[in-house]
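User: Hello! I am new to this structure and would like to learn how to read it. Could you take me through some features step by step?

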Amino acid sequence: MLRLLIKKEFLNQIQSPRFTISFLLVFLLIVFSGWSFMEDYRLRRQDFNTDVAENDATLMKAAKNLSQVAFQKQNLYRSPSLLEYFAAGNNQYLPNSFQSDVFRIDFPDLKSRHNPLQKKPLGFDFSFLVTYVFTFLALILTYDAVCREKNEGTLSLQMSNPLPRAHFIISKFVVNFLLLGSGLIGGLLMNLVLFSLWGESPLSGGYIGRIILFCLLSLLLIAVFLSLGLLVSTLVSRSETSMVILLLLWTLLVVVVPSLGRVVADLTARVPAKGEIELRYRQAHEEIWNNVPSDIQPELNPRRWTGDPWAPNVLNRSKMINTITARQAKIFDDYIQQLRLQVRRAQSIMMISPTMLYRVASEETMGTGLSQFEHFYQALKRYEESLREFILKKDASDTRSPHLLNAWHRNTISRLPVDFNTIPRFHLPPLSLKARLPRTIRSCGVLLLLTILLFSVTYVAFLRYDVR
Amino acid sequence: MIRQILIKELRSNLTNLRFIVGCITCLALVLLITIVLAHDFKSALKTHSDAIASNENALSEVMAYQNLEVKIYKPPQLLGLFSQGVDKEVGGEVVVNYKSSPAEAKAYRSPNPLLAYFPHIDLILIFKVILTLLALMFTYNSISGEKESGTLSLMLANGISRAHVLLGKYLAGAISFTLPLILSLLAALVYITTVGGLSISMEEGIRLLFLTIFSFLFLSIFLLLGLLLSSLTHRSFITLLLALFCWLFIVIIIPNGSPIVAAKIKNLPPRSTVDRQIQLVQDKYYRQFRDWYRKNPWPAGGTNYEWDNVVWLSSPNIMEYTLKTWEFVVPQELQEAQDIWRLEENYLNQVQGVIGMERLLSYLSPVGPYEELTDALANKDSHAYQEFLKSARMHREQILSFYQDKGAFRSYRWFSPYTKQTAPKSHEEVLQRRREWQGSGMEIKDVRGLFAPINPAEIPRYFYQKESLSHIIKRCLGGVAYLVVANLILFSLAFVCFSRYDVR
């Protein structure tokens, strides 16, 4: 009986004008999103390559002198990723570069082709289509699933047959889920083929596992909205009322709640301004500088600088400068953590909406958005550390060097040339999925639970439904 | 007869669940957002007044003309609660000095750059999303629904003209969506002026009135769209589907897709390209300065005490050398500022091209002109930002004229608190003064109190001038015309379709 019901429902839906319109809409939007992403990705990749080459060129010039390598302010960039097509996580608006030498990382910056005088539109990535279009279609396909059948009188006719009510609801859910699911998978496959034809395929990077997880998340979000549509359709007697309620719920869950994130972030935490951080740098500097005992012998006084790197006080001076630098690095690190936590907290609160939960989980899976920024910053710190180790190692082999690496004096370490090819270079590896898998699975679990819950309530409501 | 239809429709709309749910949702969201944004606005006001006070304080302590750096601020705009525009992205603080021509403004509250992760929210968003849906819901079944229920043929059998039916339904729908619109705006205003403790000027009130009129025209488009679609189809179910797909395109897809297409058509070069060109200019001038210093080495002998970019005490030969140096450097720096500005101007022109294309494409949906109008009324659009920068550049010109009038570039006052008359006349006098300072336990940084700063009353002041309402209307006449004409066209089309409609 269930098979027959599914077949009937399936034929009903594909013959309906909403299916034709939805199919056309989805097809057009998927092609548009694929095309716009690929165009944008190629430009960003080109800009990234130019910026990296420019940075390498300056580093190569600096390689004639080890101390210059240490003091060289490098521009380090986050590389664009093909996985941003699936869930960009507003990567296009997040900082994508840092300037850094071995002593200090400067404030993050965004370097892009983005028009600075433009309102920031939502990215047209696949997760946007799932969040805004597929969930909308899910409601359109189900808003009248039960109440319309009742209004037309077909529900009582069907129920007069020995048909379990569960089968009726399951058939509605399964057919709509299959239709939207096939649209989603089909659209995704179509774009993957298009990407391959354009010479860029995310599959070549071994990202199949991530893409499958992303599809699973997207299907679960669709399932949540299908269940919601069925539930409201079962609870009200008129399809028009059902549609009004669902549309309002949709605008709240999809448009309004995620937009409140910025406001919630501002209300829940305060982040210091750049000026305040610079003030803390100065305070740290002065505190350490003024902490030198007043009765210290002049030849050992770290505050003195005669220009002679072999003077007896230079060791103390180096220690003092390194303490200042380390304190300032700590201030900066705390600042970045505050920036990150402010957004993370707001994200967690906004996860009351399943669309936000889906968005965050998709970004975690694809390694984009805030996760990528965090990964970028961590990679940068590791790089700074490895470059420092490299410089210390090279410096140790120079017998004419005082071996006192610090942020203020270039002549207290070796000034011998280094082989450019041996200098560590910054590379941002893709974010490992393994570490993020538990969080993604947890999000999948929450979405699944929500679907089951909504579906169970729908079933109970339908059991008590007056079909006459 | 219109009156009767109007009353009947109005009664039906107002007692309907969709009206009650829509109205309550809209009101609740508007209040919630107003509470949060009013709090944010108050904190912005405080930051702004603190920044101005700090700038005034800095201006009263300028000891040498070259250190004169004026920070000018665009005040927070109360109507920004209704429409955030691009303002929050681009900032409202400009540093004006002789060395550079202002080309961009910083966000003086320097927000968390990671907050770009979330979209902006304002009251207009609620109108755009909730009230447009509500407007569609009022009319999507006004013709096809009445046909389905058989009441349409009965109504027309009574000799009522079709124009009257259509007009009655339109007016009833318009009043129905105007109620939540006005109620929401009033609720926001009441909160702002009472609990929020903010005052609204007459000028802002008039702007708000215009904002309400434009919102009405915008929402009316959706109402008429519902009427038109309802006159085109014979089943309300089909009308609803078409209306919702149209809504999705008009409110979500086109406003978010058009900037992407505009960026493809008018490709903006990466900002780093301009930064590289600027770097080349800076390098060129750096080489010139270096060459000058090589040819004109620091004079032998003499003493120089310099701190915080001010020469506090110096031997006459060094004072003369420094003056000579600045006489070379200042014209070069002014020229450098001019060269850099040309590059920035070129980039801004390209940005302007992209904005033009975005504007053109955004007109595919009424959301485009509506946002343009509301942003302009709130003084938060890209034009207001560029005008602010323009006024900053004019202020820089005033400061340069002030320098000219004072003969600042050729004076000791440019780099020190001395004039030719008050400066030490000999090396011995310098040493004597130094001994006196040391004798009274003063470090070089403590001597500031011994000198008079530049008279702050003489320094040109900046006053922010908001674009006038008449100018905004004139500038955005295209947007106003779009909303009016779209209403007229949709009503005419709906009338034509309804005239040919088979009511049986």
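Analyst: We will go through domains, chain contacts, the core, a helix pair and a few loop residues. This is a predicted model, in which local features need pLDDT of at least 70 and side-chain atom pairs count only at pLDDT 80 or more, while totals for chains, interfaces and linings use all residues. Residues are numbered from 1 along each chain as its sequence is written, and chains are lettered from A and ligands numbered from 1 in the order in which they are written.

User: Let us start with domains. What does the domain assignment of chain A give?

Analyst: Domain bounds come from an automatic or database domain assignment. For chain A, domain 1 covers 2-259 + 353-378 + 415-463, and domain 2 covers 270-350. Taken over C-alpha atoms, the centres of domain 1 of chain A and domain 2 of chain A are 42 Å apart.

User: How many residues of domain 1 of chain A are in contact with domain 2 of chain A?

Analyst: Two residues are in contact if their C-beta atoms, placed from the backbone, lie within 7 Å. Twelve residues of domain 1 of chain A touch eleven residues of domain 2 of chain A in this way. On the domain 1 side, α9 (239-259), α13 (354-366) and α14 (369-396) of chain A give two or more residues each. Helices here are DSSP runs of H or I with at least four residues, strands are runs of E with at least two, and both are numbered from the N terminus. The largest share of that side, three residues, comes from α14(A).

User: And how is chain B divided?

Analyst: Chain B has domain 1 (2-43 + 121-265 + 470-499) and domain 2 (46-119 + 268-468). The centres of domain 1 of chain B and domain 2 of chain B, over C-alpha atoms, are separated by 47 Å. Here 41 residues of domain 1 of chain B are in contact with 33 residues of domain 2 of chain B. With ten residues, α9(B) gives the most to the domain 1 side of this contact. That side of domain 1 of chain B is made up of 29 nonpolar, six polar and six charged residues. For these classes, Ala, Val, Leu, Ile, Met, Phe, Trp, Tyr, Cys and Pro count as nonpolar, Asp, Glu, Lys and Arg as charged, and the others, Gly among them, as polar.

User: How many residues of chain B are in contact with chain A?

Analyst: 54 residues of chain B are in contact with 61 residues of chain A. On the chain B side, α9(B) gives the most, with 15 residues. By class, this side of chain B has 38 nonpolar, nine polar and seven charged residues.

User: Which residues of helix α10 of chain A are buried?

Analyst: A residue is buried if 20 or more other C-beta atoms lie within 10 Å of its own, exposed if 12 or fewer, and partly exposed in between, with C-beta atoms placed from the backbone. In α10 (residues 261-268) of chain A, the buried ones are Gly261(A), Arg262(A), Val263(A), Ala265(A) and Asp266(A). They pack against α9 and α12 (314-350) of chain A together with α2 of chain B.

User: Which residues have the most contacts inside the largest nonpolar core?

Analyst: A nonpolar core is a set of buried Ala, Val, Leu, Ile, Met, Phe, Trp, Tyr and Cys residues joined through C-beta atoms within 7 Å. The largest one has 227 residues, and Ile222(A) and Ile126(B) have the most contacts inside it. Beyond its neighbours within four places in sequence, Ile222(A) is in contact with residues including Phe134(A), Ala138(A) and Leu180(A).

User: How do I read a pair of packed helices?

Analyst: Two packed helices are described by the angle between their axes and the distance between the axes. The axes of α4 (residues 126-142) and α8 (residues 208-235) of chain A come within 8 Å and cross at roughly 35°. Axes are lines fitted to C-alpha atoms, for helices over the stretch in contact, and angles run from 0 to 180 degrees between N-to-C directions. Where they meet, the contact of α4(A) with α8(A) has nine nonpolar, five polar and no charged residues.

User: Is Asn90(A) buried or exposed?

Analyst: Asn90(A) counts as buried because it has 22 C-beta neighbours inside 10 Å. Asn90(A) lies in the loop between β1 (74-77) and β2 (97-100) of chain A, and has a positive phi of about 55° although it is not a glycine.

User: And Asp446(B), buried or exposed?

Analyst: Asp446(B) is exposed, since it has 12 other C-beta atoms within 10 Å. Asp446(B) sits in the loop between α14 (427-439) and α15 of chain B.
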